[in-house]
Amino acid sequence: MTIDRFAHKAHNYEQNPDRVDNVANIARSVLEGIAFDRSMHIVDFGSGTGLLLEKIAPYVGKITAVDISRSMNLQLREKKDRLACDIDILEVDLEKTSIPLQVDGIVSSMTMHHVADVEAMFVKFYSMLKAGGFIAISDLDTEDGSFHTEDTGVFHHGFDRGAFAEAASKAGFQCAKVSSASVVHKPQGDYGVFLLTATRPAQAFIDA
Ligand SMILES: C[S@@+](CC[C@H](N)C(=O)[O-])C[C@H]1O[C@@H](n2cnc3c(N)ncnc32)[C@H](O)[C@@H]1O
């Protein structure tokens, strides 16, 4: 049985203004960095209660929300009909499951530090994208371990931006770009948040 690590916080997840502001900043950076259009179908990996996808929804046709947590998905399900595009919710652990989708893009906020094997996840993202598709993945800069004050299944104390972009490149992504997206203010400190954008090449080049 899968443990729902967000069960105790899903119901009041959006009552933390710093969290909501952080994802709003991330969404602004994603919208600045990616040319969305209404024909697009995208995936939000680790969609949670939908803080990121609700900001992207007016600019795409469909979003498949992928999240392992039943309680977070329940919060999203309650607002799904008020959002500005079609929303599908898949309750899966994307580390253990492959989903047979070919989408135009994948967005994600504050989820990759919960993923044990980040390189393998980039390989999975690549396989889920159409040629020319994009990723826009936001997460914490390297921190001292003080960001999380409870165990929600954390595998990384943030990421070194260069190493994170390198992991995406190793999976085949091109044009990796990392920029500052937000700063999370907590009583114990301030934590930088970056956005990585990159593309699956439009055409694969095969050596003759
Ligand atoms: C910190 S929350 C971020 C939620 C949302 N993206 C936001 O920024 O508000 C991380 C989310 O990722 C989900 N998650 C973590 N690992 C996952 C996995 N392997 N597969 C699917 N979802 C996962 C958790 O259940 C949780 O909802």
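This report describes a predicted model, taking in turn its ligand site, one histidine, one serine and its cysteines.

## The ligand and its surroundings

The ligand is surrounded by 20 residues, and the closest of these are Gly46, Asp67, Asp93, Leu94 and Ser109.

Several close approaches between polar atoms can be followed from the protein to the ligand. A polar atom in the backbone of Gly46 lies 2.7 Å from a nitrogen atom of the ligand, while a polar atom in the side chain of Asp67 is 2.6 Å from an oxygen atom of the ligand. In the case of Ser109, an N or O atom of the side chain is 2.4 Å from an oxygen atom of the ligand. Taken alone, the ligand would expose 600 Å², and the protein buries 95% of that area.

## His113, a residue in a loop

His113 is found in the loop that runs between strand S4, residues 103-109, and helix H4, residues 118-127. Is His113 buried or exposed? With a relative accessible area of 1%, His113 is buried, because the cut-off for that class is under 20%.

The side chain of His113 makes a polar contact, at 3.1 Å, with the side chain of His148. When residues up to four places away in sequence are not counted, His113 touches Asp139, Leu140, His148, Gly153, Val154, Phe155, His156 and Phe159.

## Ser127, a residue in helix H4

Ser127 lies in helix H4, and its relative accessibility of 44% places it in the partly exposed class. The side chain of Ser127 reaches the backbone oxygen of Lys124 at a distance of 2.7 Å.

Leaving aside neighbours within four places in sequence, Ser127 is in contact with Leu101, Gln102 and Arg200.

## Cysteines and disulfides

A disulfide is a covalent bond that joins the sulfur atoms of two cysteines. How many disulfides does the structure hold? The structure holds zero disulfides.

Key:
Residues are numbered from 1 along each chain as its sequence is written. This is a predicted model: local features need pLDDT of at least 70, side-chain atom pairs count only at pLDDT 80 or more; totals for chains, interfaces and linings use all residues. Side-chain values use heavy atoms; hydrogens and water are left out. A disulfide is a pair of cysteine sulfur atoms within 2.5 Å. Helices (H or I, at least four residues) and strands (E, at least two) are DSSP runs, numbered from the N terminus. Buried means under 20% relative accessible area, exposed over 50%, partly exposed in between (1.4 Å probe, protein chains only). A polar contact is a pair of N or O atoms within 3.5 Å; within protein, one must be able to donate a hydrogen and the other to accept it, and residues adjacent in sequence count only if both atoms are side-chain atoms. Contact means heavy atoms within 4.5 Å. A residue is near a molecule or strand if one of its heavy atoms lies within 4 Å of it. Accessible areas come from the Shrake-Rupley method with a 1.4 Å probe; for residues, only the protein chains shown count as cover.
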